Amino acid sequence: LIVAVAFYVLMAFYLKRYETLWLIISVAGLFGCYLYFILYCEFSVAQLLVLALFFRILFLFSDPELSDDYWRFIWDGNMVKYGYNPYSHTPKEALQMSGAFELENIYLRLNNCCTNSTYTPFTQLIFYVAVLLGEIWRDPVFWMKIVVLLAELGSACMIINVLKSTGQSVRNACWYLLNPLVIFEFTANLHHEVFVVFFICL
């Protein structure tokens, strides 16, 4: 457990995407811990949920490091805030039209400034609310991670409930809940497939 926490903290706060060797070592170490948990550890439902939640909370106060898509999320949220449709205008067009040059710092960090938004209305709502809450406390990324964390918690509870209702071992939930790839892609890097999993479970 201590080794897994150390690797997660390293990835959340210290490693950069260009540090390939350390990323490989960290990911390999985490998957080693993951297999150890699967094969040799017995968890109650409460212990499993607490451990899965704890690993995800470690990423709550860090910016996504392995993906820069989150800048587009923040940009789209700001476009909605300023009354612009992110589906109608590219960031370059919107910046020129809105005159909101305080957003130029975000614009310069976008990995694609020449395409309209491809994200769903559901996620656009999340971006918008995150931007508004980020003006009150913390930042938009923090609030997006809160939403992802809630979706993950909901998925976890539904997965465990399905396993119980079908007479299967709750241990099988470990394959998803403790999977480092799931934690990296969803809570750490804010990829929206987390909501697909949630609605499938629902």
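How many helices and strands does the chain have? The chain has 11 helices and 0 strands, where helices (H or I, at least four residues) and strands (E, at least two) are DSSP runs, numbered from the N terminus. The model is predicted, so that local features need pLDDT of at least 70 and side-chain atom pairs count only at pLDDT 80 or more, while totals for chains, interfaces and linings use all residues. Residues are numbered from 1 along each chain as its sequence is written, and side-chain values use heavy atoms, with hydrogens and water left out.

From the N terminus on, the order of elements is α-α-α-α-α-α-α-α-α-α-α. The C-alpha trace spans about 60 × 40 × 30 Å along its principal axes. Of the 202 residues of the chain, 46% count as buried; buried denotes under 20% relative accessible area, exposed over 50%, and partly exposed in between (1.4 Å probe, protein chains only). The chain exposes about 10,500 Å², of which carbon and sulfur atoms supply 66%; accessible areas come from the Shrake-Rupley method with a 1.4 Å probe, and for residues only the protein chains shown count as cover. Contact is defined as heavy atoms within 4.5 Å. Among contacts between residues at least 6 apart in sequence, 73% join residues at least 24 apart.

The packing of H1 and H2 was examined next. These helices pack at an angle of about 145°, with their axes 9 Å apart; axes are lines fitted to C-alpha atoms, for helices over the stretch in contact, and angles run from 0 to 180 degrees between N-to-C directions. The contributors from H1 are Val3, Ala4, Phe7, Tyr8, Leu10 and Met11, and those from H2 include Trp22, Leu23, Ile25, Leu30, Cys33 and Phe37. By class, the contact of H1 with H2 comprises 13 nonpolar, 2 polar and no charged residues. In this classification Ala, Val, Leu, Ile, Met, Phe, Trp, Tyr, Cys and Pro count as nonpolar, Asp, Glu, Lys and Arg as charged, and the others, Gly among them, as polar.

Helix H10 (residues 180–188) is mostly covered, with 7 of its 9 residues buried. The buried positions are Pro180, Val182, Ile183, Phe184, Phe186, Thr187 and Ala188. These residues pack against helix H1 (2–13), helix H2 (20–40), helix H3 (45–57), helix H8 (140–165), helix H9 (174–177) and helix H11 (193–201). At the start of H10, a side-chain oxygen of Asn179 comes to within 2.8 Å of the backbone nitrogen of Leu181.

Positive phi values occur in two loop residues other than glycine. Leu190, in the loop between H10 and H11, has a phi near 60°; at 1% relative accessibility, Leu190 counts as buried. Arg138, which is not a glycine, likewise has a positive phi of about 60°. Arg138 is located in the loop between helix H7 (121–134) and H8 and is partly exposed, with a relative accessible area of 38%.

A further partly exposed residue is Lys92, with a relative accessible area of 43%. Lys92 belongs to helix H5 (residues 91–98). Leaving aside neighbours within four places in sequence, Lys92 is in contact with Tyr107 and Cys113. The C-alpha atoms of Lys92 and Glu104, 12 residues apart along the chain, are separated by 9.9 Å.

Notes:
A polar contact is a pair of N or O atoms within 3.5 Å; within protein, one must be able to donate a hydrogen and the other to accept it, and residues adjacent in sequence count only if both atoms are side-chain atoms.
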